[in-house]
Amino acid sequence: MKIVLLGYGKMGQLIEKFAMKRGHEVVLIVDENNRPSIGMEDLEEADVAIDFSTPHAALENISLCFEANLPLVVGTTGWYEHLQEVKETCLESNQSLLYGSNFSIGVNIFFHINKLLAKAVDPYKQYDVQVEEIHHIHKLDAPSGTAITIAEGILENSSTKNTWVNDVVGEGEEMIAKADELLIESLRIEEVPGTHTVLYSSEVDQIEFKHTAHNRDGFALGAVIAAEWLQGKKGFFQVTEIFDFNQVLGDRS
Ligand SMILES: NC(=O)C1=CN([C@@H]2O[C@H](COP(=O)(O)OP(=O)(O)OC[C@H]3O[C@@H](n4cnc5c(N)ncnc54)[C@H](OP(=O)(O)O)[C@@H]3O)[C@@H](O)[C@H]2O)C=CC1
Ligand SMILES: O=C(O)C1=N[C@H](C(=O)O)C[C@H](O)C1
């Protein structure tokens, strides 16, 4: 594949490495400096674009790729309040977009088991549930996109929780969630690549379900695999569609 990289920070640079290892070619790198001078003609030769930039930049990059008829993988988080309008534009204009809050295989397994766990615990009202995410101090968005996906998986399968709320530890007063609110606690610590924990607590015990990324390689490899999967497809997709865990575990999600 001929790949355009939109964003060339921590993730963009790793994606280039994994793309080349898998025999692909990076034909254009777009960052904040050269972004204003990029036109549609610069994108015409490519097969796919992969965006790991910033929440604001991602929205502009999506529009540019739609105009250029270039299929696009979006790993950037923090823009999901615009998801519905982006989906409508994508489908109306017959474009291809795949997005995901987390491209690692481990986290996608986690997303699936998280839903099953929420369903299993739901009848036992003595348990209260909470999500915790820890990331590096450079992260622009809170809660993490992954934590939002985890929270949505719990809300879909809970008869107690109706919405999620976010508390960034150390910023302002500590938040006390109401009974129907699912608390997502965000911590920012030095160079942590990404740790997500779901905690079910009762008076007598606690269930902890945790994923720890040791580095960013899983995210980067997953983004390249997603770009390969998108080739020849039209429509609006989520990374979870690449994996079919139901075949392994039975359709209980
Ligand atoms: N879905 C997933 O699996 C994962 C998602 N992410 C998400 O990916 C995003 C990027 O993460 P990361 O690489 O760590 O962040 P970095 O800050 O390291 O990189 C962001 C890059 O985007 C560039 N940029 C800024 N504005 C534009 C623009 N208008 N057009 C193109 N590029 C631009 C920045 O340039 P400059 O340095 O010049 O400002 C920088 O190079 C975040 O939203 C993060 O949450 C991260 C890991 C995994
Ligand atoms: O910003 C990051 O670093 C990460 N962002 C993604 C998110 O918001 O969930 C994925 C991963 O956890 C790393």
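**Domains and backbone details**

In this predicted model, the protein chain is assigned two parts: domain 1, made of 2-103 + 216-249, and domain 2, covering 105-212. The C-alpha centres of domain 1 and domain 2 are 26 Å apart. Where the domains meet, 14 residues of domain 1 are in contact with 15 residues of domain 2. The side of domain 1 that touches domain 2 consists, by class, of five nonpolar, eight polar and one charged residues.

Some points in the loops deserve a look at the backbone. One concerns a peptide bond. Ala142 and Pro143 are joined by a cis peptide bond, with omega at about 0°. Pro143 sits in the loop that runs between β6 (128-135) and α5 (145-156).

The other points concern phi. Asn69 is a residue other than glycine, yet its phi is positive, near 55°. Asn69 belongs to the loop between α2 (55-67) and β4 (72-74). Is Asn69 exposed, partly exposed or buried? Asn69 counts as partly exposed because 13 other C-beta atoms lie within 10 Å, whereas a residue is called exposed if the number is 12 or fewer.

Glu190 also has a positive phi, near 30°, and is likewise a residue other than glycine. Its place is the loop between β8 (181-188) and β9 (195-201). With 8 other C-beta atoms within 10 Å, Glu190 is therefore exposed.

Note on methods:
Residues are numbered from 1 along each chain as its sequence is written. Chains are lettered from A and ligands numbered from 1 in the order in which they are written. This is a predicted model: local features need pLDDT of at least 70, side-chain atom pairs count only at pLDDT 80 or more; totals for chains, interfaces and linings use all residues. Helices (H or I, at least four residues) and strands (E, at least two) are DSSP runs, numbered from the N terminus. A residue is buried if 20 or more other C-beta atoms lie within 10 Å of its own, exposed if 12 or fewer, and partly exposed in between; C-beta atoms are placed from the backbone. Domain bounds come from an automatic or database domain assignment. Two residues are in contact if their C-beta atoms, placed from the backbone, lie within 7 Å. Ala, Val, Leu, Ile, Met, Phe, Trp, Tyr, Cys and Pro count as nonpolar, Asp, Glu, Lys and Arg as charged, and the others, Gly among them, as polar.
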